[in-house]
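Subject: Structure for your review

Dear colleague,

Please find below the sequence and structure that I am handing over to you. My findings follow after it.

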Amino acid sequence: MGPMTDVIRVDPATPDAAGLTRAAECLRRGGLVAFPTETVYGLGVHALDRAAVRRLFEAKGRPANDPLIVHVDAVERMHDLVAAVPSSVASLANRFWPGPLTLVLPRSGRVPDEVTAGLNTVAIRIPAHPVARALLAAAGIPVAAPSANLFSRPSPTRASHVLEDLAGRIDLVVDGGPTQVGVESTVLDLSGDVPTILRPGAVSLDMLRAILPRVERWSGDAPASGALSSPGLLQRHYSPRAPLTVYDGSEAVVRLVRDACASIGQGQRVGIIAADEDRAALTDVERFAPRATISYLGPESDLSTVASRLYAAMRELDASGVDRILARGFAGADGLAVAIQDRLRRASVKSET
Ligand code: TXA
Ligand code: MG
């Protein structure tokens with residue numbers, strides 16, 4: 001067991017500087033501080049302190065080849081972290097920062113290799129959450145922060161999720177309540193010829209194209225021309241412990257119910273991730289409680305609610321000890337549907353490595 005992990009509660013409506021001074025001080029001295037952003041909780045560390053960054057990788061059990069996002073509180077603060085600022089950055093920053101967008105840019109020599117995993121680019125984000133903003137302003141340093149979960153576990157959307165994974169391994173948790181968006185930021189690579197989305201998030205392809213028409217989505221098979229590979233995005237991620245199956249396409253919920261009942265018949269405990277609209281279809285399964293646990297994420301028509309509850313549902317189903325999870329997919333061209341589908345797909349990849 002490592003050091004005690006302290007928890008500081010901060011009201012997101014009025015994040016007073018006094019409450020955050022200790023957290024900011026801890027960051028400046030090389031400590032590991034979890035804090036809320038509008039997407040998920042991040043595990044922050046002084047981005048220019050190599051030794052501290054190495055401790056962060058250890059605490060998370062994260063492979064060193066998975067680069068970190070550097071968080072700053074203003075565009076001016078990113079200038080000495082990047083080697084060049086493509087002309088598109090100003091308009092993107094204007095429209096989407098602060099917010100759930102991360103930009104991958106050519107890096108400067110100031111950013112340690114530990115942060116970028118040796119890549120010649122650095123990922124930068126200005127988060128919108130008032131607690132994150134107040135903390136970054138109080139700390140006055142660039143803060144590298146991956147999601148505050150153990151490697152390959154679902155990202156934390158509440159302080160309790162952070163403690164579940166990292167209590168005793170980090171110095172502090174700033175508890176600012178549940179996060180709003182619930183899925184991680186959109187990662188947009190601007191370092192190559194074609195601006196490429198490496199990870200879908202709340203800032204959608206269409207929203208980006210309205211500012212930058214040439215944006216493409218990374219196919220996932222091969223890097224887009226000029227784009228760097230992003231090792232962390234290739235692996236199984238965001239996973240609950242129980243194996244997860246996603247049901248898409250026609251009759252998806254019917255097939256899900258059939259498989260759930262078959263598993264229960266074989267003596268298994270099943271967890272189900274569903275939309276509010278599926279209630280009627282799931283009454284047959286609900287009868288089997290507690291061998292069936294159903295987590296309703298919200299109405300299909302309200303994908304913000306669905307996204308904000310997704311990771312908590314995975315964690316809750318795991319905690320209830322289910323043998324497998326069956327999830328209904330969320331198809332659609334809407335940006336959040338793409339992001340939700342992406343996370344479900346990653347969670348369902350069998351761990352082979
Ligand atoms: O919403 C978020 O982005 C949250 C909050 C805390 O800001 N952070 C987050 O960090 O999700 P993390 O480390 O869990 O995911 C960051 C992803 C990694 O998978 C990594 O591969 C990619 O961003 N990334 C970071 N630096 C990169 C770079 N230089 N080039 C390409 N991809 C990069
Ligand atoms: Mg992560």
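Domain bounds, as used here, come from an automatic or database domain assignment. On that basis the protein, which is a predicted model, is divided into domain 1, covering 6-217, and domain 2, covering 244-347.

Domain arrangement

The centres of domain 1 and domain 2, taken over C-alpha atoms, are separated by 29 Å. To the contact between them, domain 1 contributes 22 residues and domain 2 contributes 14 residues. The size of an interface is often given as the accessible area lost when the parts come together. Between domain 1 and domain 2, the buried area is about 1,400 Å², and carbon and sulfur atoms give 55% of this area. On the domain 1 side, the residues that lose the most area to domain 2 are Pro 154, Val 183 and Pro 200; together they account for 34% of what that side buries.

Helix packing

Two helix pairs may be of interest to you. In one of them, helix 1 (residues 17-28) packs with helix 5 (residues 130-139) at an angle of about 55°, and their axes are 8 Å apart. Helix 1 is therefore oblique to helix 5. The crossing of these two helices is right-handed. Helix 1 makes the contact through Leu 20, Ala 23, Ala 24, Leu 27 and Arg 28, while helix 5 supplies Val 131, Ala 134, Leu 135, Ala 138 and Ala 139. By class, the contact of helix 1 with helix 5 comprises 9 nonpolar residues, no polar residues and 1 charged residue.

The other pair consists of helix 10 (residues 303-319) and helix 11 (residues 335-348), whose axes come within 9 Å and cross at roughly 15°. Angles under 35 degrees count as roughly parallel, so helix 10 and helix 11 are roughly parallel to each other. Helix 10 passes helix 11 in a left-handed crossing. From helix 10, the contact involves Leu 303, Ser 304, Val 306, Ala 307, Leu 310, Tyr 311 and Met 314; from helix 11, it involves Leu 336, Ala 337, Ile 340, Arg 343, Leu 344 and Ala 347. The contact of helix 10 with helix 11 divides into 11 nonpolar, 1 polar and 1 charged residues.

Backbone geometry

Most residues other than glycine have a negative phi, and most peptide bonds are trans. Against that background, the following places deserve mention.

- Trp 97 and Pro 98 are joined by a cis peptide bond, with omega about -5°. Pro 98 lies in the loop between helix 3 (88-96) and strand 5 (101-106).
- Ala 289 and Pro 290 are joined by a cis peptide bond, with omega about 5°. The loop between helix 9 (283-286) and strand 14 (292-296) holds Pro 290.
- Ala 117 is not a glycine, yet has a positive phi of about 55°. Ala 117 is placed in the loop between helix 4 (113-116) and strand 6 (121-125).

With kind regards

How values were computed. Residues are numbered from 1 along each chain as its sequence is written. Chains are lettered from A and ligands numbered from 1 in the order in which they are written. This is a predicted model: local features need pLDDT of at least 70, side-chain atom pairs count only at pLDDT 80 or more; totals for chains, interfaces and linings use all residues. Side-chain values use heavy atoms; hydrogens and water are left out. Axes are lines fitted to C-alpha atoms, for helices over the stretch in contact, and angles run from 0 to 180 degrees between N-to-C directions. Helices (H or I, at least four residues) and strands (E, at least two) are DSSP runs, numbered from the N terminus. Angles under 35 degrees count as roughly parallel, over 145 as roughly antiparallel, 65 to 115 as roughly perpendicular and the rest as oblique. A crossing is left-handed if the near helix is turned anticlockwise from the far one by less than a right angle, and right-handed if clockwise. Contact means heavy atoms within 4.5 Å. Ala, Val, Leu, Ile, Met, Phe, Trp, Tyr, Cys and Pro count as nonpolar, Asp, Glu, Lys and Arg as charged, and the others, Gly among them, as polar. Buried area is the accessible area (1.4 Å probe) that two parts lose on being put together, summed over both.
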